[in-house]
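Subject: A structure for you to explore

Hi there,

Here is the structure I promised to pass on. Have a look at it first, and then read my notes below.

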Number of protein chains: 2
Amino acid sequence: MATGRTHRPATRSRGIPEATVARLPLYLRALTALSERSVPTVSSEELAAAAGVNSAKLRKDFSYLGSYGTRGVGYDVEYLVYQISRELGLTQDWPVVIVGIGNLGAALANYGGFASRGFRVAALIDADPAMAGKPVAGMPVQHTDDLERIIEEDRVSIGVIATPAGAAQQVCDRLVAAGVTSILNFAPTVLSVPDGVDVRKVDLSIELQILAFHEQRKAGEEPGADTAAASAGEAAGAPAAAAVVPPAPRGTAGGSGRKGPDGDVPAVMPA
Amino acid sequence: MATGRTHRPATRSRGIPEATVARLPLYLRALTALSERSVPTVSSEELAAAAGVNSAKLRKDFSYLGSYGTRGVGYDVEYLVYQISRELGLTQDWPVVIVGIGNLGAALANYGGFASRGFRVAALIDADPAMAGKPVAGMPVQHTDDLERIIEEDRVSIGVIATPAGAAQQVCDRLVAAGVTSILNFAPTVLSVPDGVDVRKVDLSIELQILAFHEQRKAGEEPGADTAAASAGEAAGAPAAAAVVPPAPRGTAGGSGRKGPDGDVPAVMPA
DNA sequence: TGCTGTGAACTAGTTCACAGCT
DNA sequence: AGCTGTGAACTAGTTCACAGCA
């Protein structure tokens, strides 16, 4: 997979660490806000606070892009906005298609944050014939049949999948076959794609589960000082009920057992 | 901030690495799917493939939870489902409130993946009086005025913010004051919270920006071999237009310049 | 024989602390 | 004097590779 040079501090744009790339949009947003307030310069300290990171990390991140600051002064806001935008590729126009126009797809279509960052919604696509032609976010929904034509005509390279889990892989395959090389996946499934195609995943329920994990820890540790002995009564922020699935400490072979309820296709709405 | 023991391989549940916690929901989903197909056991190799990670990582992850596998055989699916659920705290009932019932809030309210994982939507809250009482996902929307009462009565400890950026911090403050200790933030803002409150952030446009970054790299490197000189013509997968903001290689003081359009409040819909 | 569980080696990311410019 | 830029130290996360058990 072309690992490139092992690692080098990168005098210029080569090899920006992934973690840094993930933070650039954060800096960009903070800088945009400053720019709108006509603030001419910021120190790493101020900008870091606005972006919610620490200043050493921010300076290190910027050092991968080049030396855009002025010692003793700080960073020129407008200049830095441009440099980061360029680095992220936002000075170009990126047409995207959104497939699956349920609640989530509609929310995405209406999302102002795309347009203002160089992304242009080229088409909204849904498999439901009843949706076809209906306007969503001021744009008619098109049928899945036209997917390939749309991708090719508009030279779309980024696709957003907001379909139910069951449809996601199929949609993904068609997008990729038509020329899409980056996919943002909201469906709760693992997508398999050929080499050279990027997939990023946003999973609404995973984030909640991670919060629940930490929340659970808090409940157990809250009362004591730090070393955390188990609390006797009910801890302050502890949740209400408890008990959902009785353990299955080691089943024999056995049947399915549970009735298999909402199961694993919890996507937002049919496409 | 109470770093705890520096690090220990963790014979039991103490100190599960954050990266591992973030993957547990992935494993859980894959296991649930297997469970529904009544598959009794899986090898680390199979499960890893289903979850989209490599098997060494999966085994290491599971080793932090304990030794739940059988050498030569694999893992008991039902048993592992239970163990991971328990570890994540999903065997409890977690009431959550969703604040901001625009398109996104509605999508979240309708999302089946919550209910099936121990999360219960306790209330939908919106600041718009016109929304109050309207049913969304079979549940009446309640007004922001009742926020504190709802949180306290239902002992809600997890809040989801799906308001526009401008309202997010204020909503957050009220949630926290009322007793919420975990927040899932969809608004494109940095929230500041007191110690002991967890915030996780999902940002729709950040993910796209990260994709754009990689997409841009692909376009530049595709034609040539590796060192990537600028391509003369238009590269294969390159996007259409180009040119958004002309550089400002070092402005003087100057005014705001750009007209300040959609700006930085690109949230999905008013709350 | 086949698979898990895990030390050990490696790689990525973060933080410290200070040299060097303005 | 003040703030950036960055080596160096540290911490977290991943991958390797194999011992050990079923």
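Which residues are exposed on the other side of helix 7 of chain A? They are A:Glu152 and A:Glu153. Please keep in mind that this is a predicted model.

Helix 7 of chain A covers residues 147-154, and its buried residues are A:Leu147, A:Ile150 and A:Ile151. Seen down the helix axis, these buried residues fall within an arc of 95 degrees, so they line one face of helix 7 of chain A. After helix 7 of chain A comes A:Arg155, which has a positive phi, near 50 degrees.

Next, the nonpolar core. The largest one has 115 residues, and A:Ile84 and B:Ile84 touch the most other members. If you leave aside neighbours within four places in sequence, B:Ile84 is in contact with B:Leu24, B:Tyr27, B:Leu28, B:Leu31, B:Phe62 and B:Leu65.

B:Ser85 sits in helix 4 (residues 77-88) of chain B. Its relative accessible area is 12%, under the 20% cut-off, so B:Ser85 counts as buried. A polar atom of the B:Ser85 side chain is 2.8 Å from the backbone oxygen of B:Val81. A:Lys218, in helix 9 (residues 204-221) of chain A, counts as buried at 18% relative accessibility. Beyond its neighbours within four places in sequence, A:Lys218 is in contact with residues of chain B, including B:Thr181, B:Gly196 and B:Asp198.

Finally, the DNA. DNA strand C is surrounded by 23 residues, and the closest are A:Arg23, A:Asn54, B:Ser44, B:Gly69 and B:Tyr75. Of the atoms of DNA strand C that come within 4 Å of the protein, sugar and phosphate account for 63%. By class, the surface near DNA strand C has five nonpolar, nine polar and nine charged residues.

Enjoy exploring!

Technical notes:
Residues numbered from 1 in each chain as written. Chains lettered and ligands numbered in written order. Predicted model: local features only at pLDDT ≥ 70, side-chain atom pairs only at ≥ 80, totals over all residues. Heavy atoms only, no water. Helix = DSSP H or I, 4+ residues; strand = E, 2+ residues; numbered from the N terminus. Buried < 20%, exposed > 50% of the residue type's maximum accessible area, 1.4 Å probe, protein only. Polar contact = N/O pair within 3.5 Å; in protein donor to acceptor, adjacent residues only side chain to side chain. Arc of directions from axis to C-beta. Core = buried A, V, L, I, M, F, W, Y, C linked by side-chain atoms within 4.5 Å. Contact = heavy atoms within 4.5 Å. Near = heavy atom within 4 Å. Nonpolar A, V, L, I, M, F, W, Y, C, P; charged D, E, K, R; others polar.
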